[in-house]
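Biologist: I'm new to this one. Could you take me on a close look at the part around the ligand, and show me how it sits in the rest of the chain?

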Amino acid sequence: MSEIVILSGSPSVNSRSDLVLRFLGRSLQNKGFKVTHVSIKDVPQDVLFEGKFDSPVVSQIAAKLQGARGVIVGSPVYKAAYTGVLKALIDLLPQDVLEDTPVFPLMTGGSPAHMLAIEYTLKPLLATLKGQNLKGVFVTDNHIDKTNTEQPIINIETHERLTKQLAYFVELLNRQKSPIV
Ligand SMILES: Cc1cc2nc3c(=O)[nH]c(=O)nc-3n(C[C@H](O)[C@H](O)[C@H](O)COP(=O)(O)O)c2cc1C
């Protein structure tokens, strides 16, 4: 079972949001968590396009999410919302797949004008899966250095927001799922 599952909704091969998600994943690994990355790019096109609910890939992703202590879901903003392919995958998952699970929403976008997409699109979507949403973080493209895979966050305030939100995520994980003695 994975402790933390990071789900990427970007269809891009050279993805900015993936860079930020990998950065968060490494930070969690440095804190001792086991992290598994899942991407919509792992899902065959016919599964998404033909709505194959019974596909083994979908069952495996659902099982990973259901077994996770916490989940990070990231998506670029596409036309003021999350990507269509992320929604296509989420449509195939059980409706309570994130029940009782702390969820860290992350979005990247070209324009700060669309920073509220995280509030009006991604968080409501995750709430339908019964995830316990954190505030989340929106990162604009000019705060991401695509050439630096180790430390892609080049804006101090954004780095601080990500770090603070991650610390809160970890606190929530430790509070909610600590074993009863
Ligand atoms: C089809 C498409 C639509 C986009 N729509 C928006 C948008 O409405 N608002 C915005 O701020 N950025 C928009 N962008 C920019 C992306 O959100 C931004 O570059 C993001 O960081 C890309 O992440 P990725 O590299 O992980 O795909 C769009 C990009 C594409 C390719």
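Modeller: For 181 residues a compact globule would come out near 16 Å, and the protein chain has 15 Å, so the two agree. Keep in mind that this is a predicted model, where local features need pLDDT of at least 70 and side-chain atom pairs count only at pLDDT 80 or more, while totals for chains, interfaces and linings use all residues. Residues are numbered from 1 along each chain as its sequence is written.

Now the ligand. Being near it means that a residue's C-beta atom, placed from the backbone, lies within 6 Å of it. There are 17 residues around the ligand, and S15, S17, P76, T108 and G109 come nearest. Helix 1 (16-30) and strand 4 (102-109) each supply at least two residues of that shell; helices here are DSSP runs of H or I with at least four residues, strands are runs of E with at least two, and both are numbered from the N terminus. Helix 1 gives the most, with three residues. Sorted by class, the shell has four nonpolar, nine polar and four charged residues. For that sorting, Ala, Val, Leu, Ile, Met, Phe, Trp, Tyr, Cys and Pro count as nonpolar, Asp, Glu, Lys and Arg as charged, and the others, Gly among them, as polar.

Stepping back, the protein chain has six helices and six strands, and along the sequence they follow the pattern β-α-β-α-α-β-α-β-α-β-β-α. Its C-alpha trace spans about 45 × 45 × 30 Å along the principal axes.

Most residues other than glycine have a negative phi. K79, in the loop between strand 3 (70-76) and helix 4 (84-90), has a positive phi near 45 degrees, and K79 is exposed, with 9 other C-beta atoms within 10 Å. K130 sits in the loop between helix 5 (117-128) and strand 5 (132-133). Phi of K130 is positive as well, about 70 degrees, and K130 is partly exposed, with 15 other C-beta atoms within 10 Å.

How values were computed. The radius of gyration is taken over C-alpha atoms; the globule rule is 2.2 Å times the number of residues to the power 0.38. A residue is buried if 20 or more other C-beta atoms lie within 10 Å of its own, exposed if 12 or fewer, and partly exposed in between; C-beta atoms are placed from the backbone.
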